[in-house]
Amino acid sequence: MAGPRTIHLTVNGAPREGWVEPRKLLVDFIREDLGLTGTHVGCEHGICGACTVLVNGEAARSCLMLAVQAAGAEVLTVEGLARDGTLHPLQEAFWEHHGLQCGFCTPGMLLTACDFLKDNPSPTEAEIREALSAVLCRCTGYQGIIKAVQAAAPKLRDAR
Amino acid sequence: MGTVVVGTSGRWVGRPLKRVEDPRLLTGTGTFVDDLPFQNVHHAGILRSPHAHARILGIDASAALKALGVVGVITGADAEALTRPFSVGVSAPIKYYCLAVDKARFVGEPVALVVARNRYLAEDALDLIRVQYEPLPAVVDPERALEPDAPVLHEAVGSNLACHRRLVYGDPERAFKEAEVVIRERFRFPKFGSTPIETYGVVARHDPVSGVLTVWSNFMGPFIMHPLVARALGLPENRLRFIIPPDIGGSFGIKTSIFPYIALICLAAMKTGVPVKWIEDRREHLLASSSGTDRVTYRELAARKDGTILGMRYRWYDNVGGYVRSPEPGCTFRPIGNWVGPYRFQDLDVEASVVMTNKSLTGPNRGYACGHLYFETERMMDLLAERLGLDPAEVRRRNFIPPHEFPYRTPTGGLYDSGDYPAAFEKALTLARYDELRREQARARAEGRLFGIGLAVAVDPSVSNMGYDTVALDPQFRSKPEYLPKSGATESATVKVDPLGKVIAILGTAPQGQGHQTIVAQIVADELGISPDDVTVVDEMDTFTRIWGISSGTYSSRFGSVGSSAVALAARKLKARLIAYAAHLMDLPAETFVFRDGQVSPASGKGPSYSIKDLAGRAHWHTESLPEGMEPGLQATAVFGFPQANAPDLQDRVNSSNTYGFIAEVMAVEVDPDTAAIRILRYVTVHDAGTIINPMIAEGQIYGGALHGLGGALYEELMYDEEGQLLTGTFMDYLVPTASEAPTIEIAHVVSPSPFTTLGAKGLGESSSMTVPAVVANAVSDALAPLGVRINELPVTPTRLWALMENARGAKR
Amino acid sequence: MKPAPFEYHVPTTVEEALAHLRHYGGEAKVLAGGQSLMPLLNFRLSRPAALVDINRIGALSYIEEENGTLRLGALTRQRAIERSDVVRSRLPLLTEATALVGHLPIRTRGTIGGSLAHADPSAEYPAVLTALEGQVVARGAGGERILRPEEFFRTYLTTTLGPDEILTEVRLPIPPPGSGWAFEEFSRRHGDFALVGIAVLLLVEGTRCAKARLVAAGAGPVPARLRGAEEILERDGLTEQSFEAAAARAAELVEPDSDIHASAAFRRHLTRVFTLRALRKAARRIHGGH
Ligand SMILES: Cc1cc2nc3c(=O)[nH]c(=O)nc-3n(C[C@H](O)[C@H](O)[C@H](O)COP(=O)(O)OP(=O)(O)OC[C@H]3O[C@@H](n4cnc5c(N)ncnc54)[C@H](O)[C@@H]3O)c2cc1C
Ligand code: FES
Ligand code: FES
C-alpha cells in the first residue's frame with residue numbers, strides 16, 4: 001500500500017484531515033498540507049531540532065516521523081502555544097531575554113523547553129543546557145535562550 | 001555575568017529595547033523563503049557529483065524525463081548554451097558555470113537538475129539520471145596542489161594557482177636584519193562554515209510577457225549578486241527582480257554564496273516555463289554551499305629584545321576549492337587594511353597564494369579572513385612572549401597603536417577611525433582579574449593541573465570597501481585604461497510620513513536576525529522625537545522598488561555603521577523639511593524653529609507648535625500650502641557613502657573597511673590530562689564598537705560570534721579524505737556546538753565613537769568570531785606549556801590534542 | 001532528503017507484522033521509533049520495498065518485573081525507561097545509560113528494541129544488555145528464539161536477527177541488591193554517540209567481588225565484554241590497584257577503529273580512562289553508597 005491514504009489528527013486543538021502518501025514526512029505535512037509554516041526544517045536527520053513539535057504532549061522530531069504515523073495523535077506546533085492572543089510564558093521570556101535572533105530555531109527551542117519543564121519544573125542551569133542541547137541555534141550563542149528558560153520555569157510552576 | 005551597560009546617547013538609542021521582530025517569530029508567523037505561497041510552483045532536485053574530480057563524458061536523462069511529475073531536466077549543456085560563466089575576481093581564465101560543464105571539480109558540484117511536481121518526485125527522478133564520469137586524480141591540500149606533478153583542475157589556467165601576490169610595505173628586509181629575535185612558525189586554519197539553520201532557498205518565476213524574471217531568495221544583498229546573476233543569464237538588470245522575504249534564518253556570510261544557485265534556478269524556470277523552487281537540504285549544504293577557506297601559513301616575526309615588533313612576514317596558501325567564486329579571493333584580501341592588527345609595526349611582507357583544489361567552494365564566513373589573521377598573529381605574540389620570558393599581556397601593551405594617533409593610517413592603507421586599545425585591553429584584564437588568574441594558575445600547576453590563560457586582541461573591521469578585492473589583480477593590470485576601478489561602501493534609507501502622521505522607514509538592507517527593525521525604530525524615534533512604536537520599519541529588499549547600490553546588503557557588519565548612518569541622515573533630512581514647512585506656514589525664518597518631542601516649535605517658546613501629524617496632514621491633503629520649490633509629500637531618502645573608501649593605490653594600499661572596532665579577550669581553560677577535554681573556566685570579551693544603539697542586540701551579536709569562533713576552534717571542520725570525499729557530510733559528524741558546549745560569556749564595552757559615521761556607531765556583527773580561535777589556541781597552549789605543546793592547528797579536537805600530549809610526554813620520558 | 005517510495009503497513013499484532021515481513025522476503029524493514037531508520041530513509045541510504053510500522057502493536061510496550069528479571073517490550077520508549085521507577089530501583093544502570101542516549105526528543109520516540117536491533121557499537125543499550133547478561137527474544141515464523149548478547153550482535157550495525165523476525169522483548173536480570181554499577185562515557189558533544197562508553201556491574205559477596213562485568217561500547221564492532229579485566233577484579237578484589245590493572249587490561253582487550261572523531265589509539269586510551277572512572281564510581285555505589 002504505497003498510495004495515499006486519509007489521516008485524521010488533532011493539531012493545535014483542532015481536528016484536521018489529510019490525504020497523504022505514506023512516505024511524506026510529518027514536517028512536510030504540517031508545513032505544506034496544513035499550511036502551518038512555523039515549524040521549520042533544518043536538517044531532516046534529527047540533529048538540529050528546528051522541526052520539533054509536541055506529539056501527544058511530548059517533544060518529537062517531525063522530520064523523523066511519517067505523517068501517517070501521526071494519525072489519531074494530538075500535535076502541538078508553535079502556532080498553538082499562545083492562547084487567545086496571550087503569549088505562553090516561554091514565548092514571553094524568550095522575548096524579554098533576547099532568546100532569539102533569526103528565529104529559525106525558535107519553534108523547536110520553545111517546544112523542547114515546554115516538554116522539558118513539564119518533566120523538570122525546577123531545573124539547574126546544567127540541566128537546562130543538557131535539555132536544550134537537543135536543538136541547534138547558530139545565532140544566539142544560547143545565552144539568551146538559557147536565561148529565558150530559567151526565567152520561565154518559575155512562572156510555569158506557579159501557573160500549575 | 002559582568003555585563004556592563006553603556007551610557008545612553010539618546011532617549012531610545014542606547015537602550016536594550018525588546019525587539020519588534022520577535023512576536024511574529026515566537027508565534028510561528030514569520031515568513032521565511034520556504035513559507036512563501038506560490039501558484040503552480042514546481043520543485044527542483046539537484047544531481048551532484050559523487051567524484052571530487054572527473055570528466056563528464058555524457059548524461060542520459062531520458063528515463064528521468066519520463067518519470068512521474070517531471071517537467072524538465074537541465075544539464076551542463078544547457079548551462080553552457082544559455083548562460084555565461086560567472087565573472088571571477090582574478091585574472092586566471094577560470095570558467096565557473098552554475099552547472100558543471102566539462103568536468104566536476106568537487107564532490108557535490110551540481111551536475112544536473114530535475115524540475116518536478118514536488119521534491120519527492122524530483123529526488124525520485126534524480127535516481128534515474130545516468131552520468132558517465134571519467135574519474136581523475138584529486139588533490140585537496142593547498143601546498144600539494146602547487147607541486148608540479150599535482151593534478152590540475154583547470155587546464156586553461158595551467159596550474160592550480162588562481163592568484164599570487166607579493167605585497168611589501170615599508171622595509172621588512174631591514175626589519176629582519178635589525179631584529180634581535182626572529183620567530184618562525186607554521187599554522188593551519190580549518191575549513192568550516194557557520195551553517196545557518198535555515199539553508200539556501202530560491203524561487204524563480206519567469207513572466208514570458210514582460211520578460212521579467214522574479215527571484216525570491218534568502219540572499220542578503222543584492223550586493224554584487226544581482227549584477228553577477230544578470231550577466232551570467234545575459235539579462236538586462238531591469239528584467240531581473242530580486243526579492244527577499246521578511247525573514248531570513250541566519251547567514252553569517254554564508255548566504256552571499258547563494259548566487260550561482262539563483263542563476264541555476266532562474267535557468268530552470270526559463271527553460272521549463274513553470275515557477276521553480278529549490279530549498280537546499282542539509283546534505284547539500286554541507287557538501288556544496290560555502291565555508292571559510294582552509295589556510296596554511298608560514299609566519300615570521302622580527303622583534304627587539306624588549307618585545308617591540310619590527311616587522312612581520314606572512315606566507316599564505318588559501319584553499320578556495322574547485323573554482324574562485326566571488327567575492328573570493330576576499331579570503332586573502334578582505335582584511336588588508338588591518339593586516340597589522342592593533343600593532344604599530346610598519347614593515348610587512350605578504351606573499352599570498354590563492355589555490356584551487358578538489359574541495360567545495362569558499363566565501364565569506366563570519367569574520368571573513370579575520371579569524372585566520374588573528375589566530376596567526378596572536379599565536380605569534382604569545383610565542384614572542386614565551387621566547388622573551390615576558391608576560392603575554394606585556395608584549396601586547398608594548399606594541400599597541402597609542403590612542404593619540406587616531407585616526408591612524410596603517411602601512412597597508414587602512415584608516416583606523418578611533419579607538420583606545422590600551423584602555424580596552426586593560427578593561428578586559430581587570431574584568432578577568434588577570435593577575436589573580438595567573439596566581440590561580442601557579443597554584444594549579446603546582447598541583448599538576450593543566451590550567452591555561454589565553455589573551456587575544458583584534459581590530460574588528462566593518463563595512464567592506466568594494467575596492468579591497470581588486471588587490472587580487474596586480475597594479476599593472478589595474479592601471480590599464482580599460483580596467484574599471486572599484487571602490488565604495490554605501491547604503492540607503494528612506495523615511496516618510498504618511499497622511500495620518502505615522503512614520504515608515506524603508507531600508508536597503510536585508511537582515512538575517514540582527515533586529516534592524518528594532519534598531520531603526522530607535523534611531524528614527526530619537527531623530528524625530530517620537531516613540532519607536534510610531535515607526536514602522538520595512539526591511540524587505542526588492543531590487544525593483546528599493547534604492548540600492550552595488551554594496552547594499554547585510555554583510556561585513558555593515559548595518560551598525562553604514563545603515564544606521566543612512567537612516568539617521570534620512571530622518572534628519574526629513575526633519576529639516578518639516579521645519580522648513582512649519583516655518584513657511586507661520587511665515588517665519590526656519591532658523592527660529594526647533595524640533596522637539598515630535599513637534600516643530602518656535603525656539604522662543606512663544607507661538608503655536610506643529611506636530612508631525614499635523615504637518616503630515618497638511619502636506620498630503622493640501623499641497624498648495626507647501627513652500628515654493630518644496631516637492632510634495634513628506635519623505636526623505638539618504639544615501640550614505642564613506643568618502644574614505646578609495647580604490648587601492650599603486651602600492652596596493654587600501655582602506656579595506658570603513659570603521660574599525662577593537663576586541664580584547666581573556667580566556668581561562670583547564671585541560672583534562674586523561675581525556676584531553678578542554679573546559680572553559682572564564683571567558684571575558686571587551687568590545688569597542690563605538691556608539692551602541694541597542695546593547696541587548698549588540699550582546700546577542702557577540703554571544704553568537706563567539707560561538708562561531710568556538711566551533712572553528714574546537715568542533716567544526718569540513719574534513720576531506722585524500723580522494724576528496726567529504727567525511728563530515730551530516731550534522732552527526734559536522735559538530736555544531738550545543739547549549740552544553742557554550743561557555744558563559746562576560747561582556748564589557750568601551751566606547752570610542754567613530755568620527756566617520758552619523759551616530760558614531762561601528763560594526764559589531766562579526767565580533768568575537770575572529771578572536772575566539774586565537775584566544776582558545778593561546779589558552780590551551782598556555783595550559784600545556786609544562787608539556788611543551790603548542791596549538792598551531794585548529795580545531796583542537798580531543799583526539800588531536802591527546803596525540804600532541806602523548807608525543808610531548810613521550811619526548812619527556 | 002526525502003525517502004524513496006515504499007509500501008507501508010501498520011499491523012496491530014506481532015503475527016500480522018510477521019506475515020508482512022514474510023511477504024516481502026527480506027525487502028521490508030521494521031519501523032520502530034524511527035530515530036535511526038528515518039535518517040537513513042531520508043538520505044536514501046536505505047530503500048526498503050516496504051515498512052512494517054510496529055508502533056501500533058500495543059502489546060510490545062511494557063516494563064514488567066518477574067522472577068528477578070525485568071522484561072521490557074521491544075517498543076518501550078527510551079523516555080518511558082528513563083522515567084520508570086521500577087527501572088530506577090531495580091536497574092539503575094539502565095536509567096543512567098538511558099539519560100545518555102541522544103536527547104529528550106529522540107528518547108520520546110526511540111525504543112529499546114530499535115536500539116538493540118540497530119546494533120550501533122557506540123550505543124549505550126547494547127553495552128548494557130551485554131553487561132547485564134540479558135537476553136533478547138526474537139519472534140519469527142518458526143517461533144521464538146532467545147538470544148544472549150554474544151549470539152545476537154554480529155558486527156557493526158548487524159545482528160543475527162532474520163529479515164522476517166521481530167525483536168519482541170528484552171530480558172534483563174536484576175542484579176542482587178548492594179551491587180555496584182556505573183555507565184561512563186566520553187562524547188564530543190552532549191547527546192552524541194560515545195567515542196567510548198563503559199558499563200560496569202560489580203556483584204559483591206561480603207567484601208569480595210563475586211562477579212565483575214565490564215563492557216566497552218565504541219571500541220570495536222560489537223559491545224566488548226572485557227572478561228580478562230573482569231577476572232582481575234574477581235581475583236584481586238576491589239582496590240585502586242586492581243582497578244588500575246583492570247583498566248589497563250581493558251585497554252589491551254578492545255579492538256577499536258579509527259574514524260574522524262577519534263583514532264584507534266585514543267579510543268584504546270579512553271577505554272582505560274573510563275574503565276577506571278566507571279569502576280571507581282561503581283565501587284562507591286556498592287551497598288547503596290554514592
Ligand atoms: C540526534 C540523535 C542522537 C542519537 N544519539 C544516540 C546516542 O547517543 N546513543 C544511542 O544509543 N542512540 C542514539 N540515537 C539513536 C536512537 O537511540 C535510536 O532511537 C535507536 O538507535 C533506534 O531505535 P528506534 O526505535 O528509533 O529504531 P528505528 O530507527 O525504528 O529502527 C532502527 C533499526 O532497527 C530495526 N528495528 C527496530 N525495532 C525492531 C524490532 N522490534 N525488531 C526488529 N527490528 C527492529 C529497524 O528495522 C531498523 O533497521 C540517536 C539518534 C538521533 C537522531
Ligand atoms: S529538521 Fe528535524 S531535526 Fe533537523
Ligand atoms: S535564532 Fe537563529 S538559529 Fe537560533
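How many residues does the contact take from chain B and from chain C? The legends below, which refer to a predicted model, begin with that contact.

**View 1. The contact between chain B and chain C in the predicted model.** The contact takes 32 residues from chain B and 25 residues from chain C, and together the two chains bury about 2,400 Å², with 61% of this area on carbon and sulfur atoms. Between chain B and chain C the count is 6 salt bridges, among them the pair formed by C:Arg44 and B:Asp124, whose closest N and O atoms are 2.8 Å apart.

**View 2. The packing of helix α16 against helix α17 in chain B.** Helix α16 (residues 516-528) and helix α17 (residues 558-586) of chain B pack at an angle of about 35 degrees, their axes lying 9 Å apart, and the crossing of α16(B) and α17(B) is right-handed. Residues that make the contact include B:Ile519, B:Val520 and B:Ile523 on α16(B), and B:Val567, B:Ala568 and B:Ala571 on α17(B). Sorted by class, the contact of α16(B) with α17(B) comprises 10 nonpolar, 2 polar and 3 charged residues.

**View 3. The interface of domain 1 and domain 2 in chain A.** The domain assignment of chain A places domain 1 at residues 5-80 and domain 2 at residues 89-158, and the centres of these domains, taken over C-alpha atoms, are separated by 21 Å. In chain A, 17 residues of domain 1 are in contact with 14 residues of domain 2, and the area buried between the two domains is about 1,100 Å², of which carbon and sulfur atoms contribute 62%. Across this interface of domain 1 and domain 2 of chain A, the rule finds 0 salt bridges.

How values were computed
Residues are numbered from 1 along each chain as its sequence is written. Chains are lettered from A and ligands numbered from 1 in the order in which they are written. This is a predicted model: local features need pLDDT of at least 70, side-chain atom pairs count only at pLDDT 80 or more; totals for chains, interfaces and linings use all residues. Side-chain values use heavy atoms; hydrogens and water are left out. Axes are lines fitted to C-alpha atoms, for helices over the stretch in contact, and angles run from 0 to 180 degrees between N-to-C directions. Helices (H or I, at least four residues) and strands (E, at least two) are DSSP runs, numbered from the N terminus. A crossing is left-handed if the near helix is turned anticlockwise from the far one by less than a right angle, and right-handed if clockwise. Contact means heavy atoms within 4.5 Å. Ala, Val, Leu, Ile, Met, Phe, Trp, Tyr, Cys and Pro count as nonpolar, Asp, Glu, Lys and Arg as charged, and the others, Gly among them, as polar. Domain bounds come from an automatic or database domain assignment. Buried area is the accessible area (1.4 Å probe) that two parts lose on being put together, summed over both. A salt bridge is a side-chain nitrogen of Lys or Arg within 4 Å of a carboxyl oxygen of Asp or Glu.
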